[in-house]
Structure formats: structure tokens, C-alpha cells
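Here is a friendly walk through a protein model, in questions and answers. Please have the viewer open as you read.

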Amino acid sequence: MMLWAVMCQTWTVEAVRAAANNAQALTDIQNHWAKEVIEQLVDRGIISGYQDHTFKPDQTISREEFLSLVVRAKYVAVEATPVQHLPFQDVAANRWSAGYIQAAIQAGMLIPEDYGTTFRPSESISRAEMAVIAARALQLEEDKEALTFTDVGAIPDHAGLVGAAASAGIVGGYPDHSFRPEGKLTRAESAAVIDRLLAYQRKASNVIVYSQAVRSDRIQHYEIEDSVVTLNKAELPEVQIGDIILLAPSSTYPFGAAKQVASSQDLGSSYQLTTTEPKITDVIQSFDFRASAPLTWETLASNSNQANAEITSSTSTQVQYRQTDDGIAMDLSDVEVDLDGQPIRINGEIELGQPMVHVDAKWDLVSGLKRFETHVTYQEKSKLNVSATVTNPKPATQEKKVDLGKGFYVPMYGPFGVQVQPQLIVKGDLTATLTFAVEQENSRTLGFAYANGHPVFLDQTMGQRTDYRMTGNADLDIQAGIGIDVKISVFQFSLAALEGDVGVHAAIQGKGRNETGGVPSCISLQVDVYDRAALLVNSSGILAKEDIRMELAEKRSNIVNKSNCKTENP
């Protein structure tokens with residue numbers, strides 16, 4: 001059988017998909033007061049210009065347009081699946097903004113009862129409505145006392161939320177001290193509001209209050225084997241049955257541990273304690289904090305201060321981590337992934353630039369969860385070469401996830417921490433000998449937040465650029481992506497786990513094979529970029545009383561769809 005590469009040409013295809021907007025190309029903002037803000041938001045992919053390279057900064061912005069900006073600015077995931085059961089009669093399921101409206105409702109930014117049965121999406125949005133949406137997006141508490149405008153009485157609804165937005169610096173008044181709530185918002189003004197929303201830093205108390213049963217600061221020096229803890233009396237002079245002790249972080253407990261004393265044996269200068277696992281709600285009474293931390297060489301779980309720490313997993317994966325100017329890189333050398341008995345070999349490199357973890361949380365035992373948001377942001381650059389020589393073709397498709405090393409343990413605040421595990425995800429139809437090279441660049445945000453008592457996905461992939469190249473000797477179907485697995489914990493208690501990946505799916509299919517050489521008379525090629533996510537919220541009593549499992553439907557965007565097959569006439 002002739003190889004495709006010999007048959008007529010080497011199938012080498014390159015595709016590029018980049019950010020569609022270029023702030024430098026906008027022709028009507030050069031002397032505008034909002035020029036700098038508009039350019040920044042266009043470069044970030046949050047706002048865009050028109051096809052004629054104008055922005056029209058002084059044109060009013062519609063309700064649906066502003067809402068879509070807030071959804072993008074807050075990273076709220078917009079479902080790829082068709083929108084169903086929107087509460088507004090004038091928003092069709094196939095309207096461009098339907099997914100954004102649905103996401104805004106799920107995230108608590110938009111309350112359908114405020115609008116009745118019609119949303120009037122193309123109607124210009126008022127300043128008062130803009131302030132209410134912004135306040136809800138930031139989960140601000142009402143603040144009527146902050147309203148010092150001369151026309152407070154003209155604010156139609158939710159004056160307390162307008163006050164909260166004013167107190168937070170999201171909105172302001174005019175030189176005559178009026179707010180003009182019914183005034184219409186321009187595109188330039190909306191850009192300024194979104195910029196302030198992005199820059200907003202919530203004031204948190206940064207405090208954790210422990211229960212009365214907790215009898216010690218974190219014990220630094222201890223030995224633990226199973227449930228038995230041995231510690232020096234100098235660190236814990238007295239201990240009683242039922243006390244809860246706090247252990248400092250260790251290799252066993254990266255963010256520390258809380259243990260409840262079941263029995264105690266006095267060994268003279270030390271105690272030997274038999275312990276049990278308390279409930280997290282027996283350990284902590286309340287917390288309120290906001291924290292951000294980078295993924296660094298120091299937080300690498302396998303790091304022992306040696307350069308290029310080598311990590312080998314049970315899947316014959318060999319990865320070397322190295323530090324870069326703005327993050328972490330992973331070099332893959334002959335990574336072997338076993339797909340249903342067929343080895344696929346991968347080489348290449350993955351860079352995570354400016355990787356940051358964010359957590360914003362407030363909870364107390366009496367009132368419950370006030371807010372919770374966590375997300376990981378990073379800029380990915382990857383170059384992967386995938387190859388497989390098929391000796392025993394199997395018409396089966398299997399997906400394999402391979403941990404790239406031991407990941408990162410990132411302390412956030414007190415006993416709260418986040419584990420981030422980079423992963424390689426490969427999927428292939430093993431009926432072909434293939435070579436597949438792909439280069440990717442994108443900016444990714446992945447996380448979740450609580451709104452109206454329910455979790456919502458935060459998921460955004462921007463500025464995606466993809467180049468690829470593939471050859472083979474049969475019908476090919478291959479998918480390769482880079483993912484992260486994120487676990488949020490307090491002490492040894494898991495609060496939630498989140499995973500998501502971004503990658504490329506490519507398929508080549510030959511048609512009309514002749515009877516002599518088995519050579520296809522024509523070939524079709526399709527390449528998609530995809531991203532997806534899944535979430536598990538544990539029944540810890542803080543985020544949920546029962547386990548919650550959610551999946552964000554896979555989003556696909558076609559970047560190549562080519563064929564040299566001629567359409568047959570009927």
C-alpha cells in the first residue's frame with residue numbers, strides 16, 4: 001500500500017488562528033479620552049471594534065453588548081451547547097447574545113424578575129442598570145449610604161447596588177454632582193467601567209477564626225504514623241481528649257493538618273497521641289480572605305533545589321522542569337503514552353507564562369458561604385511532536401491523561417492551598433502510522449465561583465494561535481491537548497477539584513480507494529481547536545453539603561476544513 005506522502009504530495013498543512021482584533025488598527029480613537037483603556041481591552045479580547053476598523057466610542061451601547069463585556073471580563077463560561085429555556089420572549093435561542101444572557105443569569109449578574117418577560121436586548125443600557133449589573137458581577141453588598149448624588153431619587157431600582165458600585169469606584173457622578181441614572185452609556189464609558197471592574201480589589205479581613213476546640217498554634221516538629229502523632233511537650237504543654245491540634249505543613253500534609261485527640265500517652269518529654277479526623281466545620285468557625293500567588297520553582301512539588309529535576313512516572317513519561325523569565329517550562333523527552341496497548345511517543349516543550357492562582361472566599365458557621373471564587377490564569381506556549389508506528393491496528397479510540405511530574409503546591413492563606421497538576425491529554429484512533437506536530441499559544445483562565453448558592457464555571461481561552469503538521473498512511477484521527485488539574489484544600493480537607501484542557505483535534509480521511517493499490521482518489525482534512533472543563537465540589541460542609549459534579553460541554557472551533565474531493569452529480 002502506498003503512503004499518502006508518496007501518493008501525490010506530503011500532506012503538510014499549517015493553520016493559524018489569532019486574536020481577531022488589533023487595537024492599533026482602530027481609526028477613530030486616536031484623540032479620544034478613552035483611547036488607552038479601549039486599546040488595552042481590545043488587546044485582551046474583551047471588547048472589539050467594527051469591520052471597518054472603527055470603534056465608535058461615543059455611540060451608545062446596547063444592553064446585550066454591555067452584558068457580554070461583563071461576562072467576558074469576569075471569565076464566566078458561555079456554554080457551547082444551544083441555549084434552552086431563557087426566560088425572555090424576545091431572546092431567541094440562536095441570538096448571538098443568548099449564551100451570554102444565560103451565563104449572566106447563572107452567575108447572578110442578571111435577575112430575570114427585574115425585566116419581566118422581555119429583555120429588550122438591543123435597547124441602549126442606562127447608567128443605573130449598568131451600575132446594578134457591575135455591582136452584582138462583583139458580588140457587592142448594598143450600600144445606600146454611599147449615595148451622595150443630587151438626583152438619588154431618580155434612581156429607579158436597586159439604589160443600594162448603585163451605591164455599592166459608587167463606593168467601589170466602579171461608577172461616578174458628573175461635575176454637577178448628579179448621577180443621571182437614565183442617561184445612556186456610550187461604548188467608551190462602558191470600556192472605562194469594565195477597566196475599573198477588572199482593577200477592583202475587594203477589601204477582605206484576611207482572618208481565620210478557629211473553634212474553641214482548637215488548642216494550639218501550628219505544631220512545627222512532630223512525627224506521624226497513620227493516626228499516631230508524637231510531639232514535644234515544649235510545643236504543647238497540655239492536651240486533653242477531644243482537643244484539636246494543628247500540624248504544620250509537611251511532605252505528608254502540604255498545607256498542614258488538623259487532628260482530634262482520641263487518647264494521649266505521656267512519654268516524659270513528649271506526648272504520643274492517637275488521633276481521629278475531625279470535620280472541617282469543627283475546626284474553623286469563619287474565614288474571610290483574598291489571596292493571589294504564582295506558580296514558581298519553589299512551589300514545585302518535586303523540587304529539592306536542584307536544577308532540571310527529573311521526574312519519571314509509571315507511564316514511562318520523562319519530564320524535566322526548568323525556570324523561565326516569567327514562569328515554568330516542561331521539556332518532554334520521549335514521553336510514551338500507552339493507548340490500549342499501542343505506544344504513542346511524544347516530544348516537545350510546554351511553557352506556562354505568568355501562572356497565577358487566585359482565591360477570594362468568605363464563610364462562617366452561622367450564615368454559611370458568602371462568596372467563593374478561585375481561578376488559575378496562565379499563558380501557554382507548547383510544541384508537541386506525536387508519533388506512532390502501528391504494528392497491530394485497532395479501530396478503537398481511547399483517551400489518556402498523563403501527569404507531568406508531581407505538580408505544584410501553592411499556599412494561599414493560612415491552611416488554604418491549591419494544588420496544580422499539569423497534564424498531557426492524548427486521544428487517537430489507532431489504525432494508522434502517523435506523525436503529528438502541533439504548536440499552540442493561548443491565554444487561559446480556568447476556575448469556578450459561587451453565585452446564588454450554586455457553582456458556575458469560569459473558563460476563558462483567548463488569543464489562540466495554532467500551527468500543525470501531520471502525515472500518515474491511513475485514515476488518521478488524533479487529539480492532543482495541555483490540561484491542568486486543580487485541587488483546593490484547607491488543611492487535609494479537599495474543598496473542590498477542577499480540571500480542564502485546551503488542544504487540537506485533527507482528522508484526515510481518504511475516500512474512493514481503487515481496487516489495485518488501495519490509494520484514495522481524494523482526501524479530506526478537518527482541524528478543530530477545543531477546550532473543556534469538569535468540576536467536583538466536595539461535601540465538606542463549607543461549599544456544599546453533598547458532592548456536586550458538573551461538566552462544561554466541550555467547545556470546538558473549526559480552523560481548517562479542506563477537501564480535494566469533487567462533488568458527485570446525482
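This is a predicted model: local features need pLDDT of at least 70, side-chain atom pairs count only at pLDDT 80 or more; totals for chains, interfaces and linings use all residues.

Residues are numbered from 1 along each chain as its sequence is written, and side-chain values use heavy atoms, with hydrogens and water left out.

Q: How many helices and strands does the protein chain have?
A: Helices (H or I, at least four residues) and strands (E, at least two) are taken as DSSP runs and numbered from the N terminus. Counted that way, the secondary structure comes to 8 helices and 21 strands.

Q: What percentage of the residues of the protein chain count as buried?
A: Buried means under 20% relative accessible area, exposed means over 50%, and partly exposed lies in between, with a 1.4 Å probe and protein chains only. Of the 570 residues, the share that counts as buried is 51%.

Q: Is helix α3 oblique or roughly parallel to helix α4?
A: Axes are lines fitted to C-alpha atoms, for helices over the stretch in contact, and angles run from 0 to 180 degrees between N-to-C directions. Helix α3 (residues 63-73) packs on helix α4 (residues 98-106) at about 60 degrees, with the axes 9 Å apart. Angles under 35 degrees count as roughly parallel, over 145 as roughly antiparallel, 65 to 115 as roughly perpendicular and the rest as oblique. The angle therefore makes α3, relative to α4, oblique.

Q: Which residues of α3 and α4 make the contact?
A: Contact here means heavy atoms within 4.5 Å. From α4 come Y100, I101, A103 and A104, and from α3 come L67, S68, V71 and R72.

Q: Why is α3 described as largely enclosed by the rest of the structure?
A: The buried residues of α3 include F66, L67, L69 and V70. The helix is largely enclosed because, of its 11 residues, the number buried is 10.

Q: Which helix do the buried residues of α2 pack against?
A: In helix α2 (residues 35-43), the buried residues are V37, I38, E39, L41 and V42. Their packing partner is α7 (187-199).

Q: Which residues does E123 touch, not counting those up to four places away in sequence?
A: E123 sits in the loop between α4 and α5 and is partly exposed, at 35% relative accessible area. Its C-alpha is 8.3 Å from that of I61, although E123 and I61 are 62 residues apart in sequence. The residues that E123 touches are S62 and R63.

Q: What is the phi of R120?
A: Most residues other than glycine have a negative phi. R120 lies in the loop between α4 and α5 and counts as partly exposed at 34% relative accessibility. Although R120 is not a glycine, its phi is positive, at about 50 degrees.

Q: Where is D334 found?
A: D334 has a positive phi near 50 degrees and is a residue other than glycine. With 38% relative accessibility, D334 counts as partly exposed. Its place is in strand β10 (residues 327-339).
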